[in-house]
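Here is a set of questions and answers for a reader who is meeting this structure for the first time. Each answer sets a value beside the rule that gives it a name.

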Amino acid sequence: VDFSLLPQEKQEASTGPAAQMLEDEYRSELERLRVEMERLSPNLKAIDQMQDVAENVQAASHEADTARREIETVEAEFEAVRKQRKESFMACFQKVASEIGTVYRRLTANTAGLHADGGSAY
């Protein structure tokens with residue numbers, strides 16, 4: 001091991017009890033630095049958890065947008081079917097009303113208290 005980078009007094013204490021004291025000093029300094037590093041280091045799991053939550057939020061947002069578009073499509077289809085049903089019903093109603101109206105007027109013509117042309121079914 002190259003000790004040339006150590007201060008002169010530390011190089012001279014490379015053997016004997018002084019070396020042991022120096023080693024203990026370095027070990028305690030290393031332990032102090034390790035504890036401080038642990039205290040200062042961010043919680044890396046928190047960062048991963050935050051990323052997971054952000055991904056979940058993004059996925060949920062995408063699913064909500066997809067569901068919203070599907071709802072809009074279904075509502076438009078429903079409205080188109082409702083409009084078509086109403087138009088079909090009204091066409092049928094008009095046809096039935098015109099046919100029944102003629103028959104009803106003939107049946108009620110010349111009855112007591114009614115017009116000479118007959119009554120109305122509605």
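Q: What makes Arg 34 and Glu 38 residues that are separated by about one helical turn?
A: In this predicted model, Arg 34 and Glu 38 are four residues apart in helix α2, and they are therefore separated by about one helical turn. An α-helix has 3.6 residues a turn, so residues three or four places apart point the same way.

Q: Why is the contact of Arg 34 with Glu 38 called a salt bridge?
A: The closest N and O atoms of Arg 34 and Glu 38 are 2.5 Å apart, and because a salt bridge requires a side-chain nitrogen of Lys or Arg within 4 Å of a carboxyl oxygen of Asp or Glu, the pair of Arg 34 and Glu 38 counts as a salt bridge. By this rule the count comes to eight salt bridges.

Q: Why is Arg 34 called partly exposed?
A: The relative accessibility of Arg 34 is 37%, and since buried means under 20% and exposed means over 50%, with partly exposed in between, Arg 34 counts as partly exposed.

Q: What makes Asp 65 and Arg 68 a salt bridge, and where do these residues lie?
A: The closest N and O atoms of Asp 65 and Arg 68 are 2.7 Å apart, which is within the 4 Å cut-off, and the two residues are three residues apart in helix α3, about one helical turn. Asp 65, with a relative accessible area of 30%, is partly exposed, and Arg 68, at 45%, is partly exposed as well. Elsewhere, salt bridges that share partners join Glu 29, Arg 32 and Glu 36 into one network.

Q: How do you know that the aromatic pair is stacked?
A: The structure holds one aromatic pair. The ring centres of Phe 89 and Phe 93 lie 6.1 Å apart, within the 6.5 Å limit for a pair, and their planes stand at 25°, under the 30 degrees that count as stacked, so the pair is stacked.

Q: Why is Phe 89 called exposed, whereas Phe 93 is called partly exposed?
A: Phe 89 has 53% relative accessibility, which is over the 50% cut-off, so Phe 89 counts as exposed; Phe 93 has 43%, which falls between 20% and 50%, so Phe 93 counts as partly exposed.

Q: What makes the span of α3 close to the expected value?
A: Helix α3 has 65 residues and reaches 92 Å from its first C-alpha to its last, while 96 Å is expected at 1.5 Å a residue.

Note on methods
Residues numbered from 1 in each chain as written. Predicted model: local features only at pLDDT ≥ 70, side-chain atom pairs only at ≥ 80, totals over all residues. Heavy atoms only, no water. Phe/Tyr/Trp six-rings, centres within 6.5 Å; stacked < 30°, edge-to-face > 60°. Buried < 20%, exposed > 50% of the residue type's maximum accessible area, 1.4 Å probe, protein only. Expected span 1.5 Å × (residues − 1).
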